[in-house]
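Here are my notes on this model, point by point. Please read them with the structure open.

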Amino acid sequence: MVANGRAVFRSFTSDRDFLPTVKAGAVLVKEQTAVDHLMYFDYLTKVREGVVEEERCTYVVAPNAFMKRTRAFAFPMNTNLTTLFDPILTYLLQSGIVDFLEHRDLPTTKICPLDLQSKDRRLRNSDLMMTYMIMGVGLASAIAVFIIEMILKRYAVKHKLKPLKKFNSKTFTFKDDSMPPPYDSLFGKNSKYRGSKRTVVNGREYWETKMKDGTTRLIPLRTPSALLYQ
């Protein structure tokens with residue numbers, strides 16, 4: 001690309017000097033970390049200048065790298081410096097200190113998206129107006145209900161209204177004839193059931209008892225089944 005004039009190598013003392021060339025239409029090929037710092041500096045500069053949010057993102061970064069190169073330290077031949085530096089450099093890389101220092105001054109979120117026409121933007125206070133309205137209506141309703149309750153309470157005290165009587169379940173008795181009679185009423189001294197006879201059903205003994213409504217009930221004769229009818 002350099003031979004056919006489609007690319008040019010340029011050297012600047014500061015990476016910020018590349019911005020006028022890139023703004024003119026050139027593509028900057030540089031390390032990812034350096035480009036991220038350059039874009040962040042340009043974004044902060046436009047924020048300080050009061051540029052509107054929609055016009056702050058002038059540059060974008062390619063989503064994928066087209067070339068990767070490794071970095072290394074060169075030592076003289078037959079030197080003992082490798083035993084001194086290699087363990088320390090390994091610890092720095094494996095612990096993530098190098099990555100931390102590279103991105104220490106960068107924000108955790110991506111500032112400028114790849115698509116400059118994207119409608120994603122920072123959340124504004126005006127976007128929460130509906131939430132504020134719902135909260136206001138709910139608060140106003142609660143206050144109105146509270147005021148109405150206070151008015152009704154004062155009205156009741158002023159006119160000495162009698163409170164409603166509470167329901168007392170002890171004054172009502174419920175009779176359930178569907179349950180079998182107590183075991184003691186069948187076989188005790190004061191048995192109310194006469195004419196009961198023994199019968200065997202599925203190998204178990206029962207008292208066959210006729211109820212007042214004419215139905216027939218089977219009462220277990222032996223424990224532990226008889227305990228259910230105590």
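1. A definition comes before the pairings: two strands pair if DSSP finds at least two bridges between them. By that rule, β2 and β3 pair in the antiparallel sense, over five bridges. Thr209 stands opposite Arg217 in β3. Keep in mind throughout that the model is predicted.

2. Now the other pairing. Strand β1 covers residues 197-201, and strand β2 covers residues 204-210. These two strands also run antiparallel, over five bridges. Val200 is placed opposite Glu205 in β2.

3. What links β1 to β2? The two strands form a hairpin, with two residues between them. Asn202 sits in that turn and has a positive phi of about 55 degrees.

4. Taken together, three strands make an open sheet in the order β1-β2-β3, with antiparallel pairing. β1 and β3 (216-220) lie at the edges, each with a single partner strand, so one side of each has no neighbour in the sheet. Neighbouring strands of the sheet are turned by 40 degrees against each other on average, direction ignored. As a general point for reading side chains, in a regular strand they alternate between the two faces of the sheet.

5. Now the whole chain. The protein has six helices and three strands. From the N terminus on, the order is α-α-α-α-α-α-β-β-β.

6. How much of the protein is buried? Buried residues make up 13% of the 230 residues. The exposed surface comes to about 20,700 Å², and carbon and sulfur atoms supply 58% of that area.

7. One stretch carries a record annotation. The unreviewed UniProt entry marks residues 129-152 as "transmembrane region". In the model, residues 129-152 are 100% helix and 0% strand. The end C-alpha atoms of this stretch are 35 Å apart.

8. Last, a single residue. Asp86 belongs to helix α3, which spans residues 81-94. Is Asp86 buried, exposed or partly exposed? Its relative accessibility is 37%, so Asp86 counts as partly exposed. The cut-offs behind that call are under 20% for buried and over 50% for exposed. Asp86 and Phe73 are 13 residues apart in sequence. In space, their C-alpha atoms are 9.5 Å apart.

Conventions:
Residues are numbered from 1 along each chain as its sequence is written. This is a predicted model: local features need pLDDT of at least 70, side-chain atom pairs count only at pLDDT 80 or more; totals for chains, interfaces and linings use all residues. Side-chain values use heavy atoms; hydrogens and water are left out. Helices (H or I, at least four residues) and strands (E, at least two) are DSSP runs, numbered from the N terminus. Buried means under 20% relative accessible area, exposed over 50%, partly exposed in between (1.4 Å probe, protein chains only). Accessible areas come from the Shrake-Rupley method with a 1.4 Å probe; for residues, only the protein chains shown count as cover. Axes are lines fitted to C-alpha atoms, for helices over the stretch in contact, and angles run from 0 to 180 degrees between N-to-C directions. UniProt positions are given in the numbering used here, feature names are shortened, and annotations may be inferred rather than shown by experiment.
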